[in-house]
Amino acid sequence: MKYKIIGLLKSPVSGMLIFLSAILCFSLTASFGQNGEKGTSDGFAVAAVSAAADIINDELTTCPVTTVTTTTTTVTTTVTSTTTTSPYEVLQPDRYAGTSANSEFYQDRLAVAGDSLALGFSYYGFVPKMHSIAGDSVSMWNLDYFTFDHGNGELGMVDSIAEVSPRLLYISVGMNDVNLNYPETYVKRYREVIEEIIERVPGINIVVAGITPVCSYCKVVKNSIIREYNSALENMVKDMDMPQVVYFDTYSVVCDKEQNLREDYTSGDGMHIYIPCYNDILTALFDFLDTTDFRKRLGG
């Protein structure tokens with residue numbers, strides 16, 4: 001009986017019924033206290049509580065408890081991101097070029113290293129300054145004497161390329177070599193530089209650009225010598241036989257029928273090139289890259 005009463009008190013409804021029953025018992029007990037024995041009143045009180053408990057049990061049986069179930073839905077959001085090798089890998093230039101479906105994809109990732117001809121890509125806005133590792137008078141024979149500053153101090157060319165860590169690198173070096181070097185020595189050093197770059201940035205993809213020609217009136221260098229150097233460059237890339245290194249025949253893109261630099265491409269001295277020429281070089285480069293697996297290698 002003791003545990004039955006305690007159980008009933010856990011319910012507010014049951015507690016109220018017991019309270020009412022207690023009042024009734026008190027009244028009746030008081031009445032019995034006047035006319036009868038104490039044992040009789042105690043027995044009546046117990047009987048009253050027992051009867052109340054039976055009534056409550058019957059009520060709970062006929063009125064089942066309603067259970068409320070709360071369902072929590074978890075929403076999972078998947079974020080897809082492109083893996084990059086550095087914060088500088090993808091940067092928009094000031095000026096876009098090219099008409100292929102993937103031109104913008106390539107140009108946003110394009111970094112350029114080399115001499116003053118390579119520097120023009122940045123100077124005219126085709127690559128951002130962070131993507132330019134080029135300078136005046138750079139050549140393979142004097143490469144170790146030049147440094148470049150991208151915000152972390154003066155670094156050599158290979159160190160600067162490693163700092164930027166591009167996955168698409170266009171190298172144009174050679175105009176300053178053709179009169180002060182030999183093709184064999186030139187490509188030997190060129191290959192060492194490429195191998196060092198790949199060792200420092202394993203995921204890089206390199207375009208070795210042919211040296212551009214000069215106009216017919218330019219007497220600084222002969223185009224026949226430039227073509228000889230370009231032939232050595234192309235053979236070097238073939239000999240390396242690496243899918244991440246390709247040769248791009250820039251010479252053929254910008255020359256006229258006589259194998260000289262088109263005069264509408266020069267900036268005025270017959271050697272350095274101007275905006276339309278850079279635009280057309282990039283257009284041809286991006287069309288060429290579409291024939292390779294470079295887009296896939298770049299994550300596109």
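Guide: About 40 Å³ of space lies in the largest cavity, a volume being the space filled by probe spheres set on grid points that are joined across faces, edges and corners. A cavity here is a set of points on a 1 Å grid over the protein atoms alone where a 1.4 Å probe fits but cannot get out, and lining residues have an atom within 4 Å of a point. This is a predicted model, in which local features need pLDDT of at least 70 and side-chain atom pairs pLDDT 80 or more, while totals for chains, interfaces and linings use all residues. Residues are numbered from 1 along each chain as its sequence is written, and side-chain values use heavy atoms, without hydrogens and water.

The lining includes L117, A118, F121, Y170 and Y278. Helix α5 gives the largest share, three residues; helices (H or I, at least four residues) and strands (E, at least two) are DSSP runs numbered from the N terminus.

Across the whole structure, 11 aromatic pairs are found; rings of Phe, Tyr and Trp (its six-membered ring) pair if their centres lie within 6.5 Å, with planes under 30 degrees apart stacked, over 60 edge-to-face and the rest tilted. The rings of F121 and Y170 have centres 5.4 Å apart and planes at 65°, so this pair is edge-to-face. The pair links distant parts of the chain, with F121 in helix α5 and Y170 in strand β5, 49 residues apart. F121 is buried at 2% relative accessible area, and Y170 is buried at 3% (buried is under 20%, exposed over 50%, partly exposed in between, with a 1.4 Å probe and protein chains only). F121 and Y170 belong to one aromatic cluster that also includes Y274 and Y278.

Note on methods
1 Å grid on protein atoms, 1.4 Å probe; cavity = no way out; pocket = protein on both sides within 12 Å on 5 of 7 lines; lining within 4 Å.
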